[in-house]
Amino acid sequence: MLAVNYSTIRNNLKTYCDKATDMYETVIVTRKDEKNVVLLSLEKYNALIKAARNAEYLDMIDRSMEQIAQGKIVVKSMDELEAMANE
């Protein structure tokens with residue numbers, strides 16, 4: 001992980017973009033008043049988003065398993081489900 005101030009990255013944008021994409025570096029761009037930003041490759045960004053989504057799905061599964069364990073379920077037959085779908 002690299003930390004670079006705004007002026008440096010502005011003057012060397014291509015270099016730091018290449019570091020992010022070719023060397024998979026995360027570049028933190030420091031700015032005034034702690035308004036920092038992060039530069040990373042699209043591949044790394046997509047992996048982070050996928051991991052966050054997976055964590056959300058796992059959390060939903062955990063909550064569902066807790067509800068099942070607590071008996072908070074509704075049992076329906078296929079006929080009942082089909083009737084509900086046709087309403």
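Colleague: What percentage of the 87 residues count as buried?

Modeller: A residue counts as buried when its relative accessible area is under 20%. In this predicted model, 9% of the 87 residues count as buried. The accessible surface comes to about 7,400 Å², and carbon and sulfur atoms account for 56% of that surface.

Colleague: Which pattern does the protein follow along the sequence?

Modeller: The pattern is β-α-α-β-β-α-α, made up of four helices and three strands. The radius of gyration is 24 Å, well over the 12 Å that the globule rule gives for 87 residues, so the protein is more spread out than a compact globule. The C-alpha trace spans about 65 × 25 × 25 Å along the principal axes.

Colleague: Among contacts between residues at least 6 apart in sequence, what percentage join residues at least 24 apart?

Modeller: A contact means heavy atoms within 4.5 Å. Of the contacts between residues at least 6 apart, 27% join residues at least 24 apart.

Colleague: How many residues has helix α3, and what does it reach from its first C-alpha to its last?

Modeller: A helix may be judged against the span expected at 1.5 Å a residue. Helix α3, residues 42-69, has 28 residues and reaches 40 Å, close to the 40 Å expected. Just after α3, glycine 71 takes a positive phi of about 80 degrees.

Colleague: Where is aspartate 33 found? Is aspartate 33 buried or exposed?

Modeller: Aspartate 33 is found in the loop between β2 and β3. Exposed means over 50% relative accessible area; aspartate 33, with 69%, is therefore exposed.

Colleague: Where is tyrosine 24 found?

Modeller: Tyrosine 24 is found in the loop between α2 (13-22) and β2 (27-30). At 46% relative accessibility, tyrosine 24 counts as partly exposed.

Colleague: Is serine 41 buried or exposed? Which residues does serine 41 touch?

Modeller: Serine 41 has a relative accessible area of 5%, so it is buried. Serine 41 is found in the loop between β3 (37-39) and α3. Leaving aside residues up to four places away in sequence, serine 41 touches Ala20, Thr21 and Tyr24.

Colleague: How far apart are the mean positions of the positive and negative charges?

Modeller: There are 12 positive and 14 negative charges, and their mean positions are 13 Å apart.

Definitions and conventions
Residues are numbered from 1 along each chain as its sequence is written. This is a predicted model: local features need pLDDT of at least 70, side-chain atom pairs count only at pLDDT 80 or more; totals for chains, interfaces and linings use all residues. Side-chain values use heavy atoms; hydrogens and water are left out. Helices (H or I, at least four residues) and strands (E, at least two) are DSSP runs, numbered from the N terminus. The radius of gyration is taken over C-alpha atoms; the globule rule is 2.2 Å times the number of residues to the power 0.38. Buried means under 20% relative accessible area, exposed over 50%, partly exposed in between (1.4 Å probe, protein chains only). Accessible areas come from the Shrake-Rupley method with a 1.4 Å probe; for residues, only the protein chains shown count as cover. Lys and Arg count as positive and Asp and Glu as negative; His and the chain ends are not counted. The place of a charge is taken as NZ of Lys, CZ of Arg, CG of Asp or CD of Glu. The expected span of a helix is 1.5 Å times one less than its number of residues.
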